[in-house]
Structures are given as C-alpha cells and as structure tokens.
Amino acid sequence: MSPHNASPSECPATTVPACLAEGEAPLVSVDGLHVWFALPSGRELHAVQGVSFDLERGVRLGLVGESGCGKTTTILSMMGLLPPSASVAGAVSPRARNILARGEQSVRSHRWTDIAMVFQGAMNSLNPVKTVGSQVVEAMEYHNVAHGEAARTRAGELFEMLGISAQSGARFPHEFSGGMRQRAAIAMALSCSPDVLLADEPTTALDVMVQAQIGELLVGLTRELGMAMVLVTHDLPLVAQLCERVAVMYAGKIVESGPMDAVFHRPRHPYTRMLFAATPDLYDKERVVSIPGAPPQLDRRIDGCAFAPRCDSASDRCRVQHPRLLDIGPQHKAACHAKDPGACT
Amino acid sequence: MIPRATVVSAAHDCRPLVEVENLSTYYPIRQNLGASILRKPRRFVKAVDGVTFALVRGEMTALVGESGCGKTTTVQTILRMIDATAGSVRLEGEDITRLTGRRIRAYRRRMQMIYQDPYESLDPRFRVRSIIEEPMLIHHVGTSRSDRRTRTLEALSQAGLTPPEFYMDRYPHELSGGQRQRVAIAASLVLDPVLLIADEPVSMLDVSVRAGVLSLLDDLRRDGAMAVLMITHDLSTAAHFADRIAVMYLGRIVEQGLADDVVCDPLHPYTKALLSVVPKRDPRRQTKPQILRGETPNPANVPCGCRFHPRCPVAFAECSTVDPALRSPSSVSDAHHSAACLLV
C-alpha cells in the first residue's frame with residue numbers, strides 16, 4: 001500500500017468526532033479514507049471516497065448500501081488487507097495512531113489484536129482437515145496471545161462464551177452445522193481480544209432462526225466485552241435490529257449517518273429514503289418500490305452528486321456540485337443539497 | 001396491496017388450479033452390505049411427509065421455512081422432477097403424479113420454474129433471444145421463426161425489459177442480476193404457463209432491484225390466468241407479496257392461511273417464533289426475539305409425536321406422542337387458516 005495524493009476537492013470537510021463532546025476517546029477512528037484500485041486497463045477505480053467515522057466503546061455501527069458501494073473495501077482497509085493493486089490515503093487510527101502510515105509494517109501489530117474481522121462466508125473458510133479448536137489455538141499462538149495448554153484453555157472458554165461446548169473444539173468443521181461454524185469463525189476473530197470487531201455479512205447464508213441466534217450473540221459480545229462492532233450488510237432491517245448507529249454508503253461515500261432511530265424516522269438523504277422504501281417489512285403494508293437505474297461506475301469522474309441520476313428529487317445543482325456531508329441533527333449527518341440550502345464551494 | 005381482498009374473493013369461486021394432497025417424497029438412505037444381508041428395514045429421509053395445499057389462479061402463495069424443511073423437494077415433486085412416494089398432485093383436475101412420456105410433457109409446459117440464481121441459471125454462451133427461444137423449440141411452440149421472434153419480443157416486454165429489441169442480442173454477462181432474472185422469467189412466459197414456481201427469486205439480487213422483480217411476479221398473477229408459488233425464507237417478502245402463506249417445518253406444513261392472518265394472528269408456536277425473529281425496518285418496532293434453541297432436526301430421524309415438540313416453548317406431555325393434523329380453530333375468521341398444533 002502506498003499513500004496516494006488525494007485531490008483536495010475530493011476530501012471531505014474535517015469532521016469533529018461526536019464522542020469528544022462526551023469526553024471519551026474513540027477506540028478506532030477512520031478519517032478521510034480513500035481507496036483506489038489500479039485496473040488492468042490502466043484506469044483507477046476510486047472505491048472509497050473519503051469515509052470518516054469513529055467507533056467508541058460498545059458502539060454497534062451498521063454500514064449499509066448496495067453491492068459495490070465500498071462497504072467491504074472500507075473494512076478491509078481497516079484491517080490492512082487490500083490487494084497490492086490498491087492504494088490508500090487517509091487514516092485508520094486505533095488508540096490515536098495511524099496504522100496506514102507505514103503500510104504493512106505499521107498495520108501488522110494492530111491487525112487482529114486491535115481490529116479483528118469476521119469475513120463474509122467465514123464459516124466456509126475453516127480448514128477442513130484440522131479440528132476447529134486447533135485452528136483457534138493456532139491463531140492465538142501465532143499472535144503470541146497464549147501458547148500450549150493456556151491457549152487450549154482459552155479456546156475452550158471462547159467456545160463456551162459463544163455457545164459451543166468446549167469439547168466440540170476437538171471436532172472437525174464438517175461435523176459442525178452452519179451456525180456452529182459461524183460461531184467458531186467469530187471465536188477465531190475474538191481470540192486476540194480485539195477492541196473492534198468488523199463483521200462482513202455475518203448472517204447472510206444462515207437460516208432465519210440461526211441468524212437471530214448469531215445476532216443476539218454479537219450484541220451480547222459487544223455489551224459484555226465493551227467491544228465496538230461494524231456490521232457490514234445490505235439488510236437494513238438487520239441493522240435496525242442489531243445496531244444503534246448506521247452509515248449509509250453510496251458510490252464510495254457515506255451519504256447519511258446517524259442514530260438508527262433518527263435515520264429511519266427522519267431520513268434526510270433520498271437514497272436512504274428509497275432504500276427503506278425498497279425493503280419489505282413484515283407489518284408495513286406500504287408498496288415497496290425498487291430504486292431505478294444502477295450505481296455509477298467508479299473508474300471515471302463523477303460530476304455533482306453520484307446519486308443524482310437515480311434520485312427522485314434531483315435539481316440542476318445536484319448534477320454539477322458535490323454535496324457535502326453536513327450535520328443536520330444530533331450526530332446525524334447527510335450529504336444532500338436539498339438539505340444544505342446555503343452551501344457554496 | 002389494496003386490491004388483495006378482491007382478488008382473493010374472486011378466486012374463491014373457482015376450482016383450485018393445483019391441488020396437492022397428502023404428498024410425500026422420501027429419499028432412501030443407502031444401506032451397507034451388512035444391513036441389507038440382515039434385511040434390516042430400509043430407512044428414509046422424509047423430505048416431504050404428507051403435504052396438502054391448493055393453488056388458485058390469480059394468487060401468489062408463499063412457501064416459507066428454514067433450509068432442509070422440504071420446500072424445494074415439494075415443488076420439485078409437483079413439477080415431476082422427482083417422483084412422489086405417496087399422495088397426488090392434480091393440475092386442473094388431472095392427477096399428474098403418475099403420468100408418463102408424452103402425457104406429462106404437455107403438463108410440463110404449463111408449469112414453469114424460476115431458479116434462485118440468475119447468474120447460474122442462464123447459459124453464458126446463449127444470447128437472450130436463444131435463451132427465450134429454446135423452450136419454444138423444445139415444446140414446439142410457434143409456427144415459424146418470425147412467430148417465435150414476436151413471442152420472444154412480447155415475453156421480454158412482459159418481463160419488463162423494454163425496449164425488447166435492445167435485449168435480444170445481449171449475452172447474460174452484459175446484464176445486471178435483476179435483468180437476468182427477468183430474462184429467466186421471460187423464458188418461462190413464452191410457454192404460457194398456468195403455474196409459475198419461483199425458488200427464492202430475489203435472494204441473489206441487490207436490495208435496490210428486488211422490489212422490481214417481486215412486483216413483476218405480483219403483476220403477472222394479477223391478470224388472473226396464472227398461479228404463482230414462491231419459495232422463500234424471508235417472511236417480510238412473503239407477507240408483502242403473497243396472498244397466502246404456508247409455513248413448513250420438517251416436511252410438513254405446520255400452518256397455512258391468508259398472508260395477513262398468518263402474519264398478524266399466527267397460531268402455531270413455530271410461526272410465532274419465526275415472526276418474532278424477523279428484523280423490522282423500524283428500530284422502535286423490534287419485537288423481543290423468541291429464539292428457538294438448537295437446530296432443525298434431521299429429516300431422517302423425525303421426532304415422534306409433534307415433530308416440533310423438542311424445540312417448542314409451549315410443549316406438554318401429549319405433544320411427544322400425538323402427531324397433530326392441520327385444523328382450523330373455531331375462533332379464526334377464515335376457515336382456510338389452519339395450524340397443526342394440539343393447542344389450536
């Protein structure tokens with residue numbers, strides 16, 4: 001990873017972390033994160049375009065958006081796990097130290113121990129020829145968290161905490177059900193006691209009832225361990241169920257963020273509103289309407305608001321000027337000209 | 001959602017299009033040599049075990065349940081992809097469970113299936129026009145090439161791909177997930193089916209386009225000629241688009257009725273638990289999830305009595321011995337709302 005010169009106009013206005021008012025430093029803050037991928041054609045794909053957020057102790061943040069909006073790229077760059085074709089700018093700072101500053105060197109000591117991740121489909125990525133327990137022990141030994149008997153004991157404790165009996169660590173992945181494999185994958189992510197857990201679609205391939213079990217487990221873990229969590233998903237109702245904060249991403253940018261309740265009841269960005277309207281709800285009989293069009297290609301310059309071509313309330317100004325992410329309520333931000341009457345750049 | 005009441009009452013007058021009665025599909029478990037020499041009784045996976053329901057023209061029915069509950073086997077048996085072990089499926093009054101050769105082929109044309117993953121279900125080397133023309137060639141639909149072309153264009157615009165000429169010469173890789181699923185739907189529409197079965201039609205699609213594909217299915221059955229059976233694990237989708245919901249658990253339908261009745265006034269403890277864990281969009285309306293412990297038992301080893309009793313929060317002694325049948329309690333308004341529970 002090499003730092004990349006971001007053009008100043010692309011960079012977001014500096015954000016004041018909301019937590020500072022409350023006097024607690026964030027566990028991790030992401031500031032002005034940009035990610036570019038070099039394409040074989042020679043072009044560059046600007047996948048993440050200035051994403052900033054803070055994670056305080058015990059906070060559960062839902063990162064939602066359509067596929068290709070940069071959700072996964074954002075959290076992969078927090079882990080320093082982007083492929084060599086990617087370049088990154090901005091800061092990811094656990095304990096106020098930017099781990100992106102010196103690439104792999106500075107990331108390594110924080111990966112898994114400060115920030116850990118449950119990958120999408122993690123339950124299918126366990127090594128089939130090793131027992132589940134030994135895979136968790138291996139992770140701990142590699143990171144010098146614990147060795148030998150101590151590591152085995154801790155793995156057993158982790159399993160118990162995640163609702164798997166300690167003895168089943170001696171079993172192989174194929175003997176586990178999907179829900180149990182997902183729990184084992186979470187155990188592995190927690191083996192180095194991280195401050196922040198990044199979960200990429202942790203419940204997608206699971207059955208409804210098992211989804212609920214895993215959801216309950218993740219909420220319980222953040223409460224008990226005081227860990228912060230980022231839940232990456234396309235499922236808005238799931239975020240409403242599990243997270244108190246939400247950030248809606250579109251075309252590499254956060255277009256609206258805030259407390260889940262405020263964002264649902266008073267969405268200020270048309271994309272958020274249309275995304276809710278496209279999601280069926282059990283008891284709400286309103287017509288569900290899909291969002292016309294498709295997200296823009298991110299390998300070319302976008303003039304104006306990236307959502308303008310699909311927006312139902314776009315004006316001429318939206319097509320020429322980037323909207324800024326502005327405070328519109330307590331901890332509630334949105335990037336839309338309609339809500340930003342006096343902005344001029 | 002408003003016209004639902006009228007659709008249902010109109011549909012009540014006519015005979016159901018599809019009547020599934022006591023349908024069972026068992027898969028034999030392979031025995032080892034020792035067991036077969038000793039003539040041990042063969043064991044079976046009871047994937048579908050006595051399912052009864054009816055589908056009416058102009059209605060959409062949702063079959064919901066967790067994976068492994070027998071949803072897919074049920075529709076594969078209806079489509080005669082798998083032979084039924086017992087019971088019958090009647091399409092327009094004719095029992096098709098045991099038809100063979102030519103006679104089943106005529107019915108095959110009338111029942112079409114849309115698969116879950118449009119990235120896999122379309123042949124990547126076929127252009128859209130050939131994808132849609134192929135079923136017509138197999139079933140000898142259309143008199144000439146130009147006739148088939150007209151039908152293809154018609155089906156494409158019916159599936160919401162307009163202008164149809166624009167899509168005719170595309171390859172699947174040039175289309176988005178939602179467009180591919182519409183091509184799959186168009187390929188089944190050219191055969192004028194009376195029954196359209198959709199197996200999780202939107203679970204592979206992006207959230208923003210799901211509503212469009214579901215609304216398309218909704219419109220298709222509203223003209224009254226077609227019944228739609230949708231398999232889904234997403235109760236919110238079922239509640240929103242289906243007229244009727246049938247909830248399956250371990251090879252049986254444990255509750256069925258009008259969608260509103262099942263969602264707002266569930267009778268079976270399993271349905272109640274499923275509904276309680278569905279995330280709601282509104283953070284203030286989240287219900288306390290009533291999480292069932294453990295996992296769905298193996299259908300090769302179905303518990304005796306009520307098959308749900310080991311996980312049931314309200315089970316009592318009798319539940320482990322008596323296998324309840326579907327019945328409607330006198331309290332419910334609609335006689336078609338029934339559940340298989342001793343407490344009903």
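Which residues in helix 9 of chain B meet which residues in helix 10 of chain B? From helix 9 of chain B come B:Gly177, B:Gly178, B:Gln181, B:Arg182 and B:Ile185, and they meet B:Val209, B:Gly212, B:Val213 and B:Leu216 in helix 10 of chain B, where two residues are in contact if their C-beta atoms, placed from the backbone, lie within 7 Å. By class, this contact has four nonpolar, four polar and one charged residues; Ala, Val, Leu, Ile, Met, Phe, Trp, Tyr, Cys and Pro count as nonpolar, Asp, Glu, Lys and Arg as charged, and the others, Gly among them, as polar.

This is a predicted model, in which local features need pLDDT of at least 70 and side-chain atom pairs count only at pLDDT 80 or more, while totals for chains, interfaces and linings use all residues. Residues are numbered from 1 along each chain as its sequence is written, and chains are lettered from A and ligands numbered from 1 in the order in which they are written. Helices (H or I, at least four residues) and strands (E, at least two) are DSSP runs, numbered from the N terminus.

**The helix pair and the chain contact**

Helix 9 of chain B and helix 10 of chain B pack at an angle of about 15°, with their axes 9 Å apart; axes are lines fitted to C-alpha atoms, for helices over the stretch in contact, and angles run from 0 to 180 degrees between N-to-C directions. That angle makes helix 9 of chain B roughly parallel to helix 10 of chain B, a term for angles under 35 degrees.

**A sheet in chain A**

Three strands of chain A form an open sheet in the order 2-1-4, with antiparallel pairing. Strand 2 (44–55) and strand 4 (86–94) of chain A stand at the edges, each with a single partner strand, so one side of each is left without a neighbour in the sheet. Strand 1 (residues 28–38) of chain A pairs with strand 2 of chain A over nine bridges, two strands being paired if DSSP finds at least two bridges between them. Within this pairing A:Ala38 stands opposite A:Glu44, and A:Phe37 has A:Leu45 as its bridge partner. The two strands form a hairpin with five residues between them, and A:Gly42 in the turn has a positive phi of about 95°. Of the twelve residues of strand 2 of chain A, ten are buried (20 or more other C-beta atoms within 10 Å; exposed means 12 or fewer, and partly exposed in between).

**Backbone exceptions**

Most residues other than glycine have a negative phi, and most peptide bonds are trans.

| Residue | Backbone value |
|---|---|
| A:Ala251 | positive phi, about 50° |
| B:Asp192 | positive phi, near 50° |
| B:Thr162 and B:Pro163 | cis peptide bond, omega about -10° |

A:Ala251 lies in the loop between strand 8 (245–250) and strand 9 (253–259) of chain A and is buried, with 23 other C-beta atoms within 10 Å. B:Asp192, in the loop between helix 9 (177–189) and strand 7 (195–199) of chain B, counts as partly exposed, with 15 C-beta neighbours inside 10 Å.

Notes
Angles under 35 degrees count as roughly parallel, over 145 as roughly antiparallel, 65 to 115 as roughly perpendicular and the rest as oblique.
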